[in-house]
Amino acid sequence: MGKRRLALCAGVLAVTAFGPAACAAYAADGGDVSVVPAAPAPGADIALRVTGCDAREAVAQSPALVSDARLTPDDGDGLAGDGRVRSTVTAGTYTVTVACDGAEHKGTVEVVRKQAPAAGAEPSAHPSPVAPVNAGGGGAARVLADGRERHGPGAAQTVVALALAGTAALTVHRAARRQARRGRGTG
């Protein structure tokens, strides 16, 4: 019993000692919406998290983001998701708002200036998408845009399908005849 009491007392002591300090630090952080990294550069990817929201999903909005970020349940007691800072946004502090359960949760993101690359160095990737994505149907949009729509199978597929169906029907018929003969011969 001694170990359990010691563990319980240590837990109560830790909550008593560090609880108010943790709450004060959390409140100074800008609310129940957190952004990692807290000071991204334009074009950077960020992770968003909101606590105190019982919904199954929510949307984070900010003028600093390329688009609204969808938040879904994470391993803890909140919602989390990813976003990208606009590559054209100027340095400054921006509000991040999450509407959840009829309440508005707010936080901030401080966008910092991009550091100039070293002389002669070229970026390895673009900070944001530069070409359309083959989205929906695995890139079917380009095929449909060509105007070459196909309706149903062609002649070759029809002939193969009919041959397979005929073979299957003949096999079933032969099996039924064999079974009928066996039934008459044993009776």
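So, a question to start: is His105 buried or exposed? Hold that thought for a second while I do the housekeeping. This is a predicted model, so local features need pLDDT of at least 70 and side-chain atom pairs count only at pLDDT 80 or more, while totals for chains, interfaces and linings use all residues. Residues are numbered from 1 along each chain as its sequence is written, and side-chain values use heavy atoms, with hydrogens and water left out.

His105 counts as buried because its relative accessibility is 8%; buried here means under 20% relative accessible area, exposed is over 50%, and partly exposed is in between, with a 1.4 Å probe and protein chains only. His105 lies in strand E7, and its side chain makes a polar contact of 2.5 Å with that of Asp32. By polar contact I mean a pair of N or O atoms within 3.5 Å; within protein, one must be able to donate a hydrogen and the other to accept it, and residues adjacent in sequence count only if both atoms are side-chain atoms. Leaving out residues up to four places away in sequence, His105 also touches Val50, Cys53, Val96 and Cys100, among others, where contact means heavy atoms within 4.5 Å.

Now zoom out. The chain has 3 helices and 7 strands, in the order α-β-β-β-β-β-β-β-α-α. Those are DSSP runs numbered from the N terminus: helices are H or I with at least four residues, strands are E with at least two. Of the 187 residues, 18% are buried.

Next, the pairing. E6 (residues 92-100) and E7 (residues 103-111) run antiparallel with 9 bridges between them; we call two strands paired if DSSP finds at least two bridges. Thr95 sits opposite Thr108 in that pair. The two strands make a hairpin with 2 residues between them, and Asp101 in the turn has a positive phi of about 55 degrees. E6 also pairs antiparallel with E3 (residues 58-61) through 3 bridges, with Ala60 opposite Val98.

That brings us to the core. The largest nonpolar core has 21 residues, and Leu48, Val50, Ala60, Leu71, Val96 and Val98 touch the most other members. A core here is a set of buried Ala, Val, Leu, Ile, Met, Phe, Trp, Tyr and Cys residues joined through side-chain atoms within 4.5 Å. E6 gives the largest share, 4 residues. Val96 is in contact with Val33, Leu48, Ala60 and His105, among others, leaving aside neighbours within four places in sequence.

What about charges? There are 4 salt bridges in the whole structure, meaning a side-chain nitrogen of Lys or Arg within 4 Å of a carboxyl oxygen of Asp or Glu. Arg49 and Asp74 form one of them, with the closest N and O atoms 2.6 Å apart. Those two are 25 residues apart, with Arg49 in strand E2 and Asp74 in the loop between E4 and E5. Another one joins Glu57 and Arg70 at 3.0 Å, N to O. Arg70 counts as exposed because its relative accessibility is 54%.

One last thing for anyone checking backbone geometry: the peptide bond from Val36 to Pro37 is cis, with omega near -5 degrees. Pro37 is in the loop between E1 and E2.
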